[in-house]
Amino acid sequence: MLFQMRCQSRKDMKGRAGSLKANGRGRPESGRWRKPGAMSERTAALARYTLNMLKPTAKIWHNGRLIDWNDAKIHVLAHVTSYGSSVFEGIRCYATPSGPAIFRAREHARRLLDSGKIYRMEIPYNIDQLVDAMVELVRANRMDSCYLRPIVLRGYGNVGVLPTKDNPIETYIACWEWGKYLGDEALARGVDVCVSSWTRIAPNTLPALAKAGANYMNSQLIRMEAHINGYAEGIALDDAGYVSEGSGENIFVVRDGRITTPPLGASVLPGITRDTVIQLARSLGIELVEAPVPREMLYIADEVFFTGTAAEITPIRSVDRIVIGKGERGPVAERLQREFFAIVEGKSADRFGWLTPVGEAVASK
Ligand code: PPE
C-alpha cells in the first residue's frame, strides 16, 4: 500500500511538473522533475498532491490568528506526539447558491469543547469564537467548499505523561478540499464492508464521547485490516459484542421500514451526521430507535448505511460478503440522502438552522 502510494505520487509529481513546464513554456512535457529547492515549499507540496493527498491552502488558524500553511508546525517532543493528547473535529463547508456555508458549525464547536473538558484541556475559546474562526478561515482561503479540521493539542514543554501548564494548549483550525470519503461511487452504489476482528474502544478505557486523536489508533487497526482484506471499511463491535460503528462513521440499520442505530452507550462517537439523520428521519415520519444492534442484524437488514461528516450518508451493499437487501442503495438511504443534500447544498430551506453562511459574521446571527 505504502509502496503503491509512493509510486503514485512520484508519477504524479513527474506528470504535474511536466505539464507545468509545458504550460509555462509552450513546449511538450519533458517528464523531468525539477531539483528540490527550486520552488517554494508550498508549490512543492502542491505538486505532490494526488487525489488522495492533502492539497495545501494558504492559511491555518492558530490561537486566534491566521498563519501560513507551512508555519503550522509542532515540535517532535510536543506532548501530543508521545501521548496522543489531542482532540479534534471534522466539519464540512458546502457550496450553496448564496455562497459557502458551514454545516452544523456550532454543534461541532460544542463537541470540541466537550472533548476538551473530558480530557481536562482548557480550550480558551467559546462556541461563537470557534465558529467565527472557521468562518474567517474559509473566507481567507477563498474556498467554495471544503473540510475543516480544528485540532486542539498539548504542546511542547514538560516531559512525562502528566501534562502541566508547561505543555501549552494549542488550538489550530485548518481546511482543505476533500472529496468523497469512501470513493466516488460510494454514495450512489454503496460499499462492501466487513465486521472487524478488532473491538471498539471499551467504556472507561478511552472515552468514546470525546473525539480524541488517540481513539484513532483503534480506528486505524479497523480500517487497515478492512483495506488489506479488500473492503472499503470495517465495522467494530463494542466490548459486549454489539454493533458499535465504523472506523470513522456511525451506522444505521433498516428493517421493515424501521431504523435502528446503536445507542451512545455502545462506544460510538456522538456523530453530528448521526444526529442530523435522526432529526431528518423523524421529520419525515420514519420510525427510528437507538437500541443495541446484534451483529447478525446487519446480515438480515433490508438496508445498512454509514453516516459521517466525511462519509455523509453512504449505503452499505454487503457485510462480510453477505448481500444486504438488493445489494444496492435502498429507498430509505436514498430518501435521507436527498433531504440531506438538498439542505446542505442550499436547494431547500434550512429549516433546522444548520448552515452558517461564511459571508455573514456569526455575531449578527
Ligand atoms: N464515528 C467515528 C469514529 C468518526 O470518526 C466519525 C467522524 C463519526 C462517527 C461520525 O461523526 P460526524 O462526523 O460528527 O457525523 N469521522 C471524521 C473523521 C474522518 C477521517 O478519516 O478523518 C469525519 O467524518 O469527519
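Q: Which residues come nearest to the ligand, and what makes a residue count as near?
A: Gly90, Gly271, Thr273, Thr309 and Ala310 come nearest among the 16 residues around the ligand. A residue counts as near if its C-beta atom, placed from the backbone, lies within 6 Å of the molecule or strand. This is a predicted model, in which local features need pLDDT of at least 70 and side-chain atom pairs count only at pLDDT 80 or more, while totals for chains, interfaces and linings use all residues. Residues are numbered from 1 along each chain as its sequence is written.

Q: Which element gives the most to the shell around the ligand?
A: Helix α8 gives the most, with three residues. Both α8 and β14 (303-308) supply at least two residues each. Helices (H or I, at least four residues) and strands (E, at least two) are DSSP runs, numbered from the N terminus.

Q: How many residues of each class does the shell around the ligand have?
A: The shell has four nonpolar, nine polar and three charged residues. Here Ala, Val, Leu, Ile, Met, Phe, Trp, Tyr, Cys and Pro count as nonpolar, Asp, Glu, Lys and Arg as charged, and the others, Gly among them, as polar.

Q: Why are α8 and α10 called roughly perpendicular?
A: The axes of α8 (residues 272-283) and α10 (residues 331-344) come within 10 Å and cross at roughly 105°. Angles of 65 to 115 degrees count as roughly perpendicular, under 35 as roughly parallel, over 145 as roughly antiparallel and the rest as oblique. The two helices are therefore roughly perpendicular to each other.

Q: Which residues of α8 and α10 meet?
A: Thr276, Val277, Leu280 and Ala281 in α8 meet Leu336, Glu339 and Phe340 in α10. By class, this contact has five nonpolar, one polar and one charged residues.

Q: Why does Asn204 count as exposed?
A: A residue is exposed if 12 or fewer other C-beta atoms, placed from the backbone, lie within 10 Å of its own, buried if 20 or more do, and partly exposed in between. Asn204 has 7 such neighbours and therefore counts as exposed. Asn204 is placed in the loop between β8 (191-199) and α7 (215-228), and its phi is near 60°, a positive value in a residue other than glycine.

Q: What makes Asp320 partly exposed?
A: Asp320 has 13 other C-beta atoms within 10 Å and is therefore partly exposed. Its place is in the loop between β15 (312-319) and β16 (322-323). Asp320 also has a positive phi, of about 55°, although it is not a glycine.

Notes:
Axes are lines fitted to C-alpha atoms, for helices over the stretch in contact, and angles run from 0 to 180 degrees between N-to-C directions. Two residues are in contact if their C-beta atoms, placed from the backbone, lie within 7 Å.
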